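Hello,

Here is the structure I promised to pass on. Please open it first, then read my notes below.

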Amino acid sequence: MVGSIMVASPKDLAFTLSEPARRKVLVVEDDVVALDLLEEILKRGGFGVSVAQSCEEALERLKTDSISLILTDIKMPGKTGMDLLKIVQDLYPEVPVVLLTAFGDEHLWVEALSSGAIDLIPKPFRKQEVLDIVQRTLSQPRPT
């Protein structure tokens with residue numbers, strides 16, 4: 001204490017990031033409204049977020065950002081979320097991929113899961129469902 005002013009030491013000001021804040025989720029979605037909503041949900045949930053509107057943009061983010069999980073739409077123009085899943089499986093096998101889809105086709109779900117997707121989230125999605133799946137996926141051990 002200096003005079004009547006309290007002086008904090010650097011140790012007093014130090015803090016540690018919560019577990020979610022250390023993890024960055026890459027959201028890949030061509031629909032800007034859905035992209036913004038997912039980004040907001042994840043940020044409010046305490047996660048770091050990186051965004052991309054295409055498979056190609058997502059691959060660029062993977063080169064520059066430390067990504068812990070990818071949340072991608074399946075149906076996008078150009079390369080799809082399934083294409084991205086296959087590329088990630090080859091180049092970044094330690095990064096889990098969760099797919100989003102507005103299409104409830106059971107064949108698509110089976111194909112996605114058998115191709116290595118960790119989970120699928122149907123659209124329209126619920127906030128808590130997104131947070132629960134992301135947290136559960138990030139808490140599972142992954143190959144290195």
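**Helix α4 and its surroundings**

The buried residues of α4 pack against β1, α3, β3, β4 and α5. Keep in mind that this is a predicted model.

Which residues of α4 are buried? They are Gly 81, Met 82, Leu 84, Leu 85 and Val 88. Viewed down the axis of α4, the buried residues fall within an arc of 155 degrees, so they line one face of the helix. Asp 90 and Leu 91, on the other side of α4, are exposed. Look at the start of α4 too: a side-chain oxygen of Thr 80 comes to within 3.2 Å of the backbone nitrogen of Met 82.

Next, the cores. The largest nonpolar core has 23 residues. Leu 26, Val 28, Leu 62, Ile 70, Leu 84, Val 88 and Leu 99 touch the most other members. At least two residues of this core come from each of β1, α3, α4, β4 and α5. Apart from it lies another core, of 19 residues, including Val 25, Leu 42, Phe 47 and Ile 133. In general, nonpolar side chains tend to be buried together in soluble globular proteins.

Last, Asp 73. An unreviewed UniProt entry annotates Asp 73 as "modified residue: 4-aspartylphosphate". Asp 73 is found in strand β3, which covers residues 69–73. Is Asp 73 buried or exposed? Asp 73 counts as buried, because its relative accessibility is 5%, and the cut-off for buried is under 20%. Among the residues that Asp 73 touches are Glu 29, Asp 30, Thr 101 and Lys 123. Gly 81 of α4 is also one of the residues touching Asp 73.

Best wishes

Definitions and conventions. Residues numbered from 1 in each chain as written. Predicted model: local features only at pLDDT ≥ 70, side-chain atom pairs only at ≥ 80, totals over all residues. Heavy atoms only, no water. UniProt positions renumbered as here; feature names shortened; annotations may be inferred. Helix = DSSP H or I, 4+ residues; strand = E, 2+ residues; numbered from the N terminus. Buried < 20%, exposed > 50% of the residue type's maximum accessible area, 1.4 Å probe, protein only. Contact = heavy atoms within 4.5 Å. Core = buried A, V, L, I, M, F, W, Y, C linked by side-chain atoms within 4.5 Å. Arc of directions from axis to C-beta. Polar contact = N/O pair within 3.5 Å; in protein donor to acceptor, adjacent residues only side chain to side chain. Lists of a residue's contacts leave out its neighbours within four places in sequence.
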